Amino acid sequence: MQKTVGTIRNLTWAYRNKLLFDKLHTEFPSGSFISIIGPNGSGKTTLLRHLLRILPSPRGSIVLPQGDLHDYHQKDLARHISYVPQQSRLEYDFTVYDCVAMGRYSHGGRLAVLSPEDHTLIMQSLQAMELAHVADRLATELSGGEYQRMLIARALAQQSHVILLDEPVSHLDVHNQREILTLLRRLVDQKVATVICVLHDLNAVSAFSDLVIMMRAGAIVAEGPAQEVLTKERIEEVYQVAVDIIEREGPLPPIILPHWR
Amino acid sequence: MVKKHYLPVIGAALVILLVAITLSALTLGPAGISIRQTVAIVGAGPSNDISTTFNQAQHRIIWQLRLPRILSAMVAGVVLAVSGMVYQALFRNPMADPYVLGISSGAAFGVAFAAFLGLVGGATGMWQVPTVAFLGAAGTALVIMVLSGGVRRSPTTLLLTGIALNFLLSALMTLFMYLNRTQLQSIMQWTLGSFGTASWSKLGIMGATATLGIVPIMFLTRELDILLLDEASALSIGVSVKSVRLLLLVLSTLATSVTVAFCGIIGFVGLMVPHIMRLITGPRHKTLMLFSIVGGALMMVGADTLARTVLGASELPVGIVTALAGAPLFIVLLANHRKENR
């Protein structure tokens, strides 16, 4: 059996008397690129927020390798799961290096001193995200794509087993989207981390993921490899949009084409 | 932000400036003591008052009046500057400071209320005043947290909450003054801020609580940096946001309230110092805190010396001096903030 980085068991969650999740169940296999997809309001971000323990405890349980999520110390949790938020902007003039160095917090002691190993890891993370040349620049001066890569570098510096990303590319142009998803794919292939990513672009999902979890109205409607989940019938039913699926030769993923009009 | 390798030089320059200002503050005044005498008196120690260079009266002025006063100003400056820095990070709001948020008023209100009820003053011990001040300040901090919805609401909501609380608390204090005219002078003193009643025993209590409040914050500078991010990011990096914020709030409120208990409300130091220092150091709290400590001491000793000497024989409340310098900066910040949010 494949190892898992987390298992969700019977997760039930109501917000303002509205039942959002009813006995949700899934697991996240280790070493995979896992995409969570579904229409707006289907509960993708809420699911991520439960994994990050930002929301009050739901019923049911989220089991991580060292026990229940809610028994984890905050720093231990940070060493297991890191997070790249949807679209955060920094209002303070931290340098790129300082921002990535924050990722070392859960590994550090009481004093705000970075060890030589911390420094090496920060530089490696920056290099992995092709940002070493802007280490001394202010984070507020980065372009959208660079900023997003900096957040991923911070997650890398955190040395967590899992990186959670909430729509990391939805506000970027197609070049930056592909670049960031390729870098994330590389992290999975090099066994650096398991990636769990909320995505909207179904073609990107099909091109990069090992496992797709499709949600609708707080329930998981399908999970499995992209080709199995992303069928014409299911997409049309879940998204209420007609699509064509164009097969391509060889190992290339098919192209999913929504009917715009 | 200044290049990293210049920081030690600027830091050293600020420390030298602080020493120079302290020496001139000790020397300046109607008693006509020269700087050489001042150095000799300080060097002679607190009990050795017989010398050829100075007389007993001069020794008394320096050791019993000016030194405790200047050291009190330093402690108050450090406390208010560091508290301002902490509140700015806690509420992720560059305009937060103990005065603006109403926390200083809360402390003064606590003292005024207890004085009105006859619980403090006279024969009661030294610790009553700081205790009621802390209760008043902590109560106000709590109200701000609840009314402004923690940090989730906009920065403006927080400021308006602080301003509303300031209105309410100062109205209540005016009411106490009106109802109890015998206490008028002493309540007045808390609302304007002064180091005129400083003494070694008060300084001891102030210094002890300042140490208790400020030293632990030195070990929380990484957390302060991370608290500037959104809450989800801070949590995912490993900071227990709720407990760290509560701890920081208690520490800074403790230090602030005791300062207010003995020196009254001195506005805008907590706003100005971290702001000016952030221009030099950048936002990292490890350096910002050290610079704010020196800067706070520097600004308060300077402001108090100005308050004490500018009118000749009579004395200005130091709160007026800091408000005259700080309020315009606050308006500039507010204008810039509005521009950015447009």
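Modeller: Happy to, starting with a pair of helices. Two packed helices are described by the angle between their axes and the distance between the axes. In chain B, helix α1 (residues 7-27) packs against helix α13 (residues 285-309) at about 25 degrees, with the axes 10 Å apart. α1(B) is therefore roughly parallel to α13(B). Angles under 35 degrees count as roughly parallel, over 145 as roughly antiparallel, 65 to 115 as roughly perpendicular and the rest as oblique. The axes are lines fitted to C-alpha atoms, for helices over the stretch in contact, and the angles run from 0 to 180 degrees between N-to-C directions. This is a predicted model: local features need pLDDT of at least 70, side-chain atom pairs count only at pLDDT 80 or more, and totals for chains, interfaces and linings use all residues. Residues are numbered from 1 along each chain as its sequence is written, while chains are lettered from A and ligands numbered from 1 in the order in which they are written.

Colleague: Which hand does the crossing of α1(B) and α13(B) have?

Modeller: The crossing of α1(B) and α13(B) is left-handed. A crossing is left-handed if the near helix is turned anticlockwise from the far one by less than a right angle, and right-handed if clockwise. Residues of α1(B) in the contact include L7(B), G11(B), L14(B) and L18(B), and those of α13(B) include L290(B), F291(B), V294(B) and L298(B). Here two residues are in contact if their C-beta atoms, placed from the backbone, lie within 7 Å. By class, the contact of α1(B) with α13(B) has 13 nonpolar, 6 polar and no charged residues. Ala, Val, Leu, Ile, Met, Phe, Trp, Tyr, Cys and Pro count as nonpolar, Asp, Glu, Lys and Arg as charged, and the others, Gly among them, as polar.

Colleague: At what angle do the axes of α3(B) and α12(B) cross?

Modeller: Helix α3 (residues 56-90) and helix α12 (residues 269-281) of chain B cross at roughly 75 degrees, and their axes come within 7 Å. That makes α3(B) roughly perpendicular to α12(B). Among the residues that meet are G77(B), L80(B) and G84(B) in α3(B), with G270(B), L271(B) and P274(B) in α12(B). The contact of α3(B) with α12(B) divides into 7 nonpolar, 5 polar and no charged residues.

Colleague: Let us turn to chain A. How is α4(A) placed relative to α5(A)?

Modeller: α4(A) and α5(A) pack at about 140 degrees, with axes 8 Å apart. α4(A) is thus oblique to α5(A). The crossing of α4(A) and α5(A) is right-handed. L121(A), I122(A), S125(A), L126(A) and A128(A) of α4(A) meet A153(A), L156(A) and A157(A) of α5(A).

Colleague: How many residues of α5(A) are buried?

Modeller: Count neighbours first: a residue is buried if 20 or more other C-beta atoms lie within 10 Å of its own, exposed if 12 or fewer, and partly exposed in between, with C-beta atoms placed from the backbone. By that count, 11 of the 14 residues of α5(A) are buried. Among the elements that cover the buried residues of α5(A) are β7 (162-166) and α6 (174-189) of chain A. Helix α5(A), residues 144-157, reaches 20 Å from its first C-alpha to its last, close to the 20 Å expected at 1.5 Å a residue. The expected span is 1.5 Å times one less than the number of residues. Helices (H or I, at least four residues) and strands (E, at least two) are DSSP runs, numbered from the N terminus.

Colleague: And which residues should I look at for phi?

Modeller: Most residues other than glycine have a negative phi, and most peptide bonds are trans. N10(A) has a positive phi near 50 degrees, and N10(A) lies in strand β1 (residues 4-15) of chain A. N10(A) is partly exposed because 13 other C-beta atoms lie within 10 Å. E130(A), with a positive phi near 55 degrees, is found in the loop between α4 and α5 of chain A. Just after α5(A), Q159(A) takes a positive phi of about 50 degrees.

Colleague: Last one: how many residues of chain B are in contact with chain A?

Modeller: 20 residues of chain B are in contact with 21 residues of chain A. On the side of chain B that touches chain A, α9 (221-227) and α10 (231-237) of chain B each supply at least two residues. The largest share of that side, 5 residues, comes from α10(B).
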